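Here is a short briefing on one structure. Please view the sequence and the model first.

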Amino acid sequence: MTKRISLTQHLIEQQRLHNKIPSELRLLIEVVGRACKSISHAVGKGALGEVLGSAGSENVQGEVQKKLDVISNEILLEANEWGGHLAGMASEEMETIHPIPNRYPKGEYLLMFDPLDGSSNIDVNVSIGTIFSVLKAPDGMTTPSEKDFLQPGTKQVAAGYAVYGPQTVLVLTTGDGVHCFTLDREMGAWVLTQRDMQIPADTKEFAINASNARHWYPPVKRYVDEVLAGSTGPRGKDFNMRWIASMVADVHRILNRGGVFMYPADAREPDKAGKLRLMYEANPMAFIVEQAGGAATNGDQRILDIQPEKLHQRVAVFLGSKNEVERVTSYHKE
């Protein structure tokens with residue numbers, strides 16, 4: 001039987017190899033991993049746990065919150081408050097930052113998360129997930145404010161996501177490749193199941209919400225028209241389309257077999273730069289995708305280079321197989 005490597009062992013070995021995971025960061029990642037196990041457990045109970053349906057409230061984005069959105073947010077806040085690794089947290093579900101209560105010691109990291117991504121899929125039993133991003137608190141910071149969180153994605157020290165699907169998996173990067181852990185439900189342990197995941201540079205698969213086609217700007221329309229024309233069109237090959245409406249599930253597929261994921265800005269709200277949140281979704285996913293050899297842009301520039309201006313800033317996203325991301329980005333620049 002092959003030796004099973006736990007999340008903790010993997011993180012300690014990575015620290016010995018690359019010296020990028022101090023013990024505080026390792027403990028923080030382990031706590032996030034434990035919180036994701038709890039969320040997986042709540043998701044898995046479904047109707048039996050009375051967790052399905054709407055919570056009857058709205059989040060800061062004006063989106064109707066599902067019960068599991070609220071539960072997942074609480075699980076992540078409570079799990080991470082007391083450990084002493086964090087100076088503060090920010091969540092897609094909360095208007096402003098969540099400082100660490102005074103009764104607990106404070107650490108040197110900032111944690112951001114989308115507690116339950118793809119929540120429109122909760123009630124129909126399709127894969128959903130959690131996305132998280134870790135930053136270092138600025139030097140000399142005593143009490144965190146929103147502006148301490150407004151760091152470009154290049155400053156992330158760790159990022160990851162969990163997918164609650166047929167298996168529960170945790171995908172993680174600390175800046176030295178991307179690794180995948182599967183939850184052993186009997187043991188309650190994260191076990192390393194894929195090392196150094198790589199996204200192929202070329203692909204025949206794309207993911208976009210085609211129901212918005214009439215609102216797309218010309219570069220996106222051109223790109224999609226070309227791939228839809230297939231082997232008789234300018235691309236000379238047939239493409240497949242996928243759209244799960246759950247970013248974690250779409251990105252996980254791309255990490256495993258390639259593809260390009262697109263969530264562009266469109267003409268419905270010309271003043272909005274996009275739909276997805278830079279800090280909670282785009283930055284962590286861009287870090288993971290780049291670490292796996294892919295690319296991630298907003299159509300104009302690398303996502304990780306964007307200087308955030310506000311906590312809930314939105315952004316257009318094109319990520320996945322490098323050559324396709326570069327192509328659709330070049331159409332925006334023409």
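Which residues have the most contacts inside the largest nonpolar core? In this predicted model, they are Y161, M247, L255, F261, M285, V317 and L319. That core has 46 residues.

**Nonpolar cores**
- A second core is separate and holds 41 residues, including L7, I29, I122 and L192.
- M285 is in contact with I131, Y161, M247, V248, V251 and L319, leaving aside its neighbours within four places in sequence.

- N283 is found in helix α7.
- N283 counts as buried because its relative accessibility is 3%, and the cut-off is under 20%.
- Leaving aside neighbours within four places in sequence, N283 is in contact with Q151, P152, G153, Q156, L278, I303 and L304.

**Helix α2**
- Helix α2 covers residues 23–45, which is 23 residues.
- At 1.5 Å a residue it should span 33 Å, and its end C-alpha atoms are 33 Å apart, so the two values agree.
- G46 follows α2 and has a positive phi, near 55°.

- Strand β9 (residues 178–184) and strand β10 (residues 189–194) are paired antiparallel over five bridges.
- F181 has L192 of β10 as its bridge partner.
- L192 is also among the residues of the second core.
- Four residues lie between the two strands of the hairpin, where G188 has a positive phi near 70°.

How values were computed
Residues are numbered from 1 along each chain as its sequence is written. This is a predicted model: local features need pLDDT of at least 70, side-chain atom pairs count only at pLDDT 80 or more; totals for chains, interfaces and linings use all residues. Side-chain values use heavy atoms; hydrogens and water are left out. A nonpolar core is a set of buried Ala, Val, Leu, Ile, Met, Phe, Trp, Tyr and Cys residues joined through side-chain atoms within 4.5 Å. Buried means under 20% relative accessible area, exposed over 50%, partly exposed in between (1.4 Å probe, protein chains only). Contact means heavy atoms within 4.5 Å. The expected span of a helix is 1.5 Å times one less than its number of residues. Two strands pair if DSSP finds at least two bridges between them.
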